[in-house]
Amino acid sequence: MPRFGFPRFEFVGRFSRNRGALIGACLILIVALMAVFASVFFPIDPLRIVGLPELWPGEDPEFPLGTDSLGRDILSMIVHGARATLLIGLFASAVATVIGVGVGATAGYFGGWVDEIAMRAAELFQTIPNLIFVLTIVVIMGSTLTNIVIAIGIVSWTPIARMTRAEFLSLRDREFVQACRSMGMSDFRIIVSEILPNALPPVIVLSSLVVAGAILFESAVSFLGLGDPNVASWGRLVGDGRQLIRSSWYICAIPGIAIMITVLCLNLVGDGLNDALNPKLRDR
Amino acid sequence: MAGELVSPTPTPTLRGSARRAAALRLLRRRLIQAVPLMLGVVIINFCLIQMAPGSFLELMTAENQVSDPATVALLRKTYGLEDPVWMQLLKYIWALLHFDFGFSYRQNMPVIQAIWIHLPATILLMVSSITLAVSVGVAAGVVASMKVRTFWDSLVSVAAMFFYAAPSFWLGIMMIVLFSVKLGWLPVGGMMKIGGASGGPLAGVLDILRHLILPTLALGLFYAAIYTRVMRSSMLEVAQLDFVRTARAKGLSRNQVTIHHVLRNALLPVVTILGVQMGTVLAGSVVIESVFSWPGVGSLLFDSVSSRNYPVVLGIMVLGSLVVIAANIAVDLIYMWLDPRIEIR
């Protein structure tokens, strides 16, 4: 494609030269495939008891990661948990991005008192201790998946709003925007179809980092036992295994490692995207 | 001092009484700005109550833990449940202004008192974690930047990536497994030995410190990872500035330049981020406290969330925000002390 060919090729080249980012992207892909094909690999309900309780990893070849206190297959629970964990992370990040871009774009484009109010609101949401806010929302509105996703989105939008606002501030007086204005285009159309596409790349990078943060939030909420009772996410598996750390600490360790690897890879990908988009900052 | 000559200070540095006056001005401005913030927190709280399924009264009486009709009537009158919504909001604000957060029947004391007795443990954990995070993060960042692109730099980066991605509660549990269960060096949880330590107040302090180590590590290492990364890149950036070259040119050794000139200026971004993260540190202690049964606000919150003790939950949200605002003001004052050029808006 001649129109995008060169810069896009350069972007891919820069991204793939970053070894960490490449490894991260591959591992994320594997986790995502695991999530998608969970029921193909493990058709049996992961919460069904299939073996002896507390089998250590490697003790029985049928259960490579062992079984938990009730005799459920840990590998199967991890693979099925990937779906819940990734979906919650993605949707929470989407909620945060929609709120953040909306607030940031309005603030940056209009400036003045609109900007003042929006930035005060961002400061307010940064002041309330984030996890306490999430727990309060979840406990008052109820522990459903939707409420958890919305609650995490509500505490995660402020960095995205600040980033979007900064991009809009630097773009709103460029010639192409002034040209649109002189043509009589409405503010809404200028924001959505002219400035936003130009402002989006750094915002998308930030959103990928928010996914990582959202996964950590969700795991903390589930760990505390306030997650959706119908969903076995990785955080809940850590919480479930907590009682047995004296005898079988692997029940706790394995889901935690899964969370850590996923978050680590998302961070690596985010850093790689950032470097590829801002080559000037790469060597810092 | 030689360092003063080349410090990047375009305007004369404020000294003595002038600086104190500037600090007081900053303090006053910050306190005034805190008022609308607190109001915002209270309004969000009120919205949550209004949006909740079930009536306001059910929430404040925490699902039938109050059955005494006289108390219910009193609450009804206090919160003005027959009034329009805006009037209810005003009454709610009025009650909070008198530190009336309601009554917790679970602890059998006013909510404010229940939170108050749990606050010192949390603040102790917060302060020790932040101290650990800043000192480890700054030290590791300085080492990495001085040995940039060597084995040590990579080692620091890998460690920072690890601690940045590990969930703090999981790290805490793994440390309990290693240091308490397997090695038996440190206590599994709690804040002091049951029945108290024998041998005077000093032994008591040492006992608390022993209990403090693991929670501090679990909470602080995540932030240490962030500060390491920030400190490293900020050291590398400052090291390229002109005044550093001047200092080198006048014959100071590399270590002298790093410590007296680069370090102090490179600290500023760390302090900025520290201010932004006060809220998350307080929130992070909620999870850590539940892992280590640390008797602070986090444990109280967890207990109240599990028993749907709404007045306590909402009270913690308001008071938690207040602690964050106070901590932010403290950070601003530190910032001003570090960089006298800056008149913080």
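Reader: What covers the buried residues of H12(B)?

Author: Residues are numbered from 1 along each chain as its sequence is written, while chains are lettered from A and ligands numbered from 1 in the order in which they are written. Helix H12 (residues 297-306) of chain B has seven of its 10 residues buried, where buried means 20 or more other C-beta atoms within 10 Å of the residue's own, exposed means 12 or fewer, and partly exposed lies in between, with C-beta atoms placed from the backbone. Taking contact as C-beta atoms, placed from the backbone, within 7 Å, the cover includes H6 of chain A together with helix H6 (111-146), helix H11 (254-292) and helix H13 (310-338) of chain B.

Reader: Which residues in H12(B) are buried?

Author: Helices (H or I, at least four residues) and strands (E, at least two) are DSSP runs, numbered from the N terminus. Helix H12(B) is mostly covered, and just after this helix Arg308(B) takes a positive phi of about 50°. The buried residues in H12(B) are Val297(B), Gly298(B), Ser299(B), Leu300(B), Leu301(B), Ser304(B) and Val305(B).

Reader: At what angle do the axes of H11(B) and H12(B) cross?

Author: Two packed helices are described by the angle between their axes and the distance between the axes. Axes are lines fitted to C-alpha atoms, for helices over the stretch in contact, and angles run from 0 to 180 degrees between N-to-C directions. Ser285(B), Val286(B), Ile288(B), Glu289(B) and Ser290(B) in H11(B) meet Gly298(B), Ser299(B), Leu301(B) and Phe302(B) in H12(B). The axes come within 7 Å, and they cross at roughly 80°.

Reader: Which residues does Leu135(A) touch, not counting residues up to four places away in sequence?

Author: A nonpolar core is a set of buried Ala, Val, Leu, Ile, Met, Phe, Trp, Tyr and Cys residues joined through C-beta atoms within 7 Å. The largest such core has 166 residues, of which Val134(A), Leu135(A) and Ile316(B) touch the most other members. The largest share of this core, 17 residues, comes from H10(A). With the sequence neighbours left out, Leu135(A) touches Val221(A), Leu226(A), Leu301(B) and Val305(B).

Reader: Which element gives the largest share of the side of chain A that touches chain B?

Author: The contact takes 37 residues from chain A and 44 residues from chain B. Two or more residues on the chain A side come from each of helix H5 (112-127), helix H6 (130-141), helix H10 (187-223) and helix H12 (250-277) of chain A. That side divides into 25 nonpolar, seven polar and five charged residues, where Ala, Val, Leu, Ile, Met, Phe, Trp, Tyr, Cys and Pro count as nonpolar, Asp, Glu, Lys and Arg as charged, and the others, Gly among them, as polar. The largest share, 10 residues, comes from H6(A).

Reader: Are H2(A) and H4(A) roughly parallel or roughly perpendicular?

Author: Val31(A), Ala32(A), Met34(A) and Ala35(A) in H2(A) meet Val79(A), Ala82(A), Arg83(A) and Leu86(A) in H4(A). Helix H2 (residues 19-36) and helix H4 (residues 74-110) of chain A pack at an angle of about 105°, with their axes 7 Å apart. Angles under 35 degrees count as roughly parallel, over 145 as roughly antiparallel, 65 to 115 as roughly perpendicular and the rest as oblique. H2(A) is therefore, relative to H4(A), roughly perpendicular.

Reader: How many residues of H11(A) are buried?

Author: The cover over the buried residues of this helix includes H4, H10 and H12 of chain A together with helix H8 (168-182) of chain B. Among the buried residues are Trp234(A), Arg236(A) and Asp240(A). For helix H11 (residues 234-241) of chain A, the number buried is eight of eight.

Reader: Is Pro64(A) buried or exposed?

Author: Pro64(A) is found in the loop between helix H3 (38-41) and H4 of chain A. Leaving aside neighbours within four places in sequence, Pro64(A) is in contact with Pro57(A) and Leu75(A). Because 12 other C-beta atoms lie within 10 Å, Pro64(A) is exposed.

Reader: Over which residues of chain A does pLDDT stay under 50?

Author: Chain A averages a pLDDT of 83, and 93% of the residues score at least 70. Where pLDDT is low, the predicted coordinates should not be read in detail. The stretch under 50, for which the model has zero contacts beyond four places in sequence, is residues 1-5.

Definitions and conventions:
This is a predicted model: local features need pLDDT of at least 70, side-chain atom pairs count only at pLDDT 80 or more; totals for chains, interfaces and linings use all residues. Two residues are in contact if their C-beta atoms, placed from the backbone, lie within 7 Å. pLDDT is the predictor's confidence in each residue, from 0 to 100.
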